[in-house]
Amino acid sequence: MASNAVKRCAWVTDDPIYQAYHDNEWGVPETNSQALFAKLCLDGQQAGLSWLTILKKQKNYERAFYNFEPSAIAQMTEDDLERLMRDTGIVRNRIKIKSIIRNAKAFLEIEKSQPFNQYIWQFTDGKTLVNNWQSHDDVPTSTEESKAMSKALKKAGFNFVGETICYAFMQAVGMVNDHETGCHCYEATTKLAIKSVT
């Protein structure tokens, strides 16, 4: 056995893009409101597809949707929608494209009363939930927290935010640390755990 083999979570493939995402982004706490919005939208685009498919198209999504600036997205028109339906760089699904516009409007409504980052992180009481999974098989696909987030986001006007998508989002933005304990990222992400979002 090679002594320099890097131990990663079981879901990671040999794809270098996937490995870089796992090593540098997944599970790292994110508290920037616009970045949280972007990730939530991208997770919604994943529905029915692999995350790697969306990850490879991320730059195209950023180009198509004004770097996920909600106020700009909220102004998009039917003409923009038709243009994006011809954009081969993104998933050309009308309902999914419209969902990003819808979600931007919902984001702006939430921001009228509180910062979006505080709204999102309230579901883990403003802190990272650090888990101790030995195996990928132990990791849940949804939790009470993700169910609560899904219900609240839907009520606020978001879509493509089911409880499984919400949990994948929570894992990605470090609301939970679901790196397996044997993964080389586990200790580092545990040290980055957020204790309070302000």
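Predicted model: local features only at pLDDT ≥ 70, side-chain atom pairs only at ≥ 80, totals over all residues.

**A serine, then a helix**

Author: Ser150 itself sits in helix H8, residues 144-156. Its relative accessibility is 4%, and since anything under 20% is called buried, Ser150 counts as buried. For a sense of distance, take Lys191, 41 residues apart from Ser150 along the chain: their C-alpha atoms are separated by 28 Å.

Now for the helix, H3. With 14 residues (51-64) at 1.5 Å a residue, H3 should span 20 Å, and the 19 Å between its end C-alpha atoms agrees with that. There is still a bend of about 55° in H3, at Gln58.

Which residues of H3 are buried? They are Trp51, Leu52, Ile54, Leu55, Tyr61, Glu62 and Ala64. These buried residues pack against helices H1 (16-24), H2 (33-45), H5 (78-84) and H6 (94-111).

Let's zoom in on the H1 partner. The axes of H1 and H3 come within 10 Å and cross at roughly 90°, so the two helices are roughly perpendicular to each other. On the H1 side, the contact is made by Ile17, Tyr18 and Tyr21; on the H3 side, by Trp51, Leu52, Leu55 and Lys56. By type, the residues of this H1 and H3 contact are six nonpolar, no polar and one charged.

Conventions. Residues numbered from 1 in each chain as written. Heavy atoms only, no water. Helix = DSSP H or I, 4+ residues; strand = E, 2+ residues; numbered from the N terminus. Expected span 1.5 Å × (residues − 1). Bend = angle between axes of the 7 residues up to and from the residue. Buried < 20%, exposed > 50% of the residue type's maximum accessible area, 1.4 Å probe, protein only. Contact = heavy atoms within 4.5 Å. Axes fitted to C-alpha atoms, helices over the stretch in contact; angles between N-to-C directions. Parallel < 35°, antiparallel > 145°, perpendicular 65-115°, else oblique. Nonpolar A, V, L, I, M, F, W, Y, C, P; charged D, E, K, R; others polar.
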